[in-house]
Amino acid sequence: MPDEMEQFCFVNNYTHTLDTQRRIAIPSEWRKKDGETSFYLLPAKEHIVQIIPKETFYEQVIRKAQKMSLADARQLRDLALCASRAQNCICDKQGRIQISQQLLDHGGFKDKIVLVGAFWHIQLWTPEHWEAANQDEDNNYFDVMQRINEIPDPDRR
C-alpha cells in the first residue's frame, strides 16, 4: 500500500473532552507526521459528524460534485445545501480542530465526543449513541465484515 494511503487508515476509537473553545484533539496517529493536517467536517445521518481528510474529500466528494450541471437548478441547490453545512479545518500545533456550533448541535454533543475510526474517514459520536450502536445486534462485527467483503470491487472485471 502506498505511504500516502496508509496515513488515512483510521482505526480504533477515542473519547475526548470538548474544550470551552469547541475543540477536540485528533489522535497523533491520525495526523500527518510532517506538514499540515487538513480535514472537512460534514453532518451525517443518525447525528454523526464525519471528518474526512482533505485529499480523500477531494477524491470522494469534490470530483463527483464537479460532474453536476451548473445549468440544473436542483443540482445547484444540492451543491449549496451540502457545502453550506460543511466545515473545513486544519489541526493546530496540539492537533486540535475546532467544531462549528452547527455541527455540535447536529451531533447533540455536550462535553464528551467519541472519535471512531471508520477506515477512510473519522466519525464523531456521542458516548451514548456509540454505546447503543455497539449493543445493536444488527451491528455484529462478523456480519459487518461480511457485508464489506460482499461489496463488488470496481477494479476487478
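**Close-up views of a predicted model**

**View 1. The second largest pocket and its lining.** The second largest pocket of this predicted model has a volume of about 420 Å³. Its lining comprises 16 residues, of which L42, V61, L79, C82 and A83 are the closest to the pocket centre. At least two lining residues come from each of three elements: strand β3 (38-44), helix α2 (54-65) and helix α3 (73-85). The greatest contribution to the lining is that of α3, with 6 residues. Classified by residue type, the lining holds 13 nonpolar and 3 charged residues, and no polar ones.

**View 2. The open sheet of 6 strands.** The strands follow the order β1-β7-β8-β4-β3-β5, and their pairing is antiparallel. Strands β1 (13-17) and β5 form the edges, each pairing on one side only. From one strand to the next, the twist averages 25°. As a general point, the strands of a sheet pair through backbone hydrogen bonds, in either a parallel or an antiparallel manner.

**View 3. Strands β3 and β4 with helix α2.** Strands β3 and β4 are paired in the antiparallel sense over 6 bridges. Residue P43 stands opposite V49 of β4. Helix α2 packs on the sheet and touches both β3 and β4; the direction of α2 makes about 100° with that of β4. Helix α2 and strand β3 also each supply at least two residues to the lining of the second largest pocket.

View 4. Strands β3 and β5 run antiparallel and are joined by 4 bridges. Within β5, C89 is the bridge partner of F39. Which residues of β5 (residues 87-90) belong to the covered face, and which to the uncovered one? The covered face carries Q87 and C89, whereas N88 and I90 lie on the uncovered face. In a regular strand, side chains alternate between the two faces of the sheet.

**View 5. Loop residue E46.** E46 lies in the loop that connects β3 and β4 (48-53). Although E46 is not a glycine, its phi is positive, at about 60°. E46 counts as exposed because its relative accessibility of 61% is over the 50% cut-off.

**View 6. Loop residue F119.** F119 is placed in the loop between β7 (112-117) and β8 (122-125). F119, likewise not a glycine, has a positive phi of about 65°. With a relative accessible area of 47%, F119 is partly exposed.

Key. Residues are numbered from 1 along each chain as its sequence is written. This is a predicted model: local features need pLDDT of at least 70, side-chain atom pairs count only at pLDDT 80 or more; totals for chains, interfaces and linings use all residues. Side-chain values use heavy atoms; hydrogens and water are left out. On a 1 Å grid over the protein atoms alone, a cavity is a set of points where a 1.4 Å probe fits but cannot get out, and a pocket is an open set with protein on both sides within 12 Å along at least five of seven lines; lining residues have an atom within 4 Å of a point. Grid points are joined across faces, edges and corners, and a volume is the space filled by probe spheres set on the points. Ala, Val, Leu, Ile, Met, Phe, Trp, Tyr, Cys and Pro count as nonpolar, Asp, Glu, Lys and Arg as charged, and the others, Gly among them, as polar. Buried means under 20% relative accessible area, exposed over 50%, partly exposed in between (1.4 Å probe, protein chains only). Two strands pair if DSSP finds at least two bridges between them. Axes are lines fitted to C-alpha atoms, for helices over the stretch in contact, and angles run from 0 to 180 degrees between N-to-C directions. Contact means heavy atoms within 4.5 Å.
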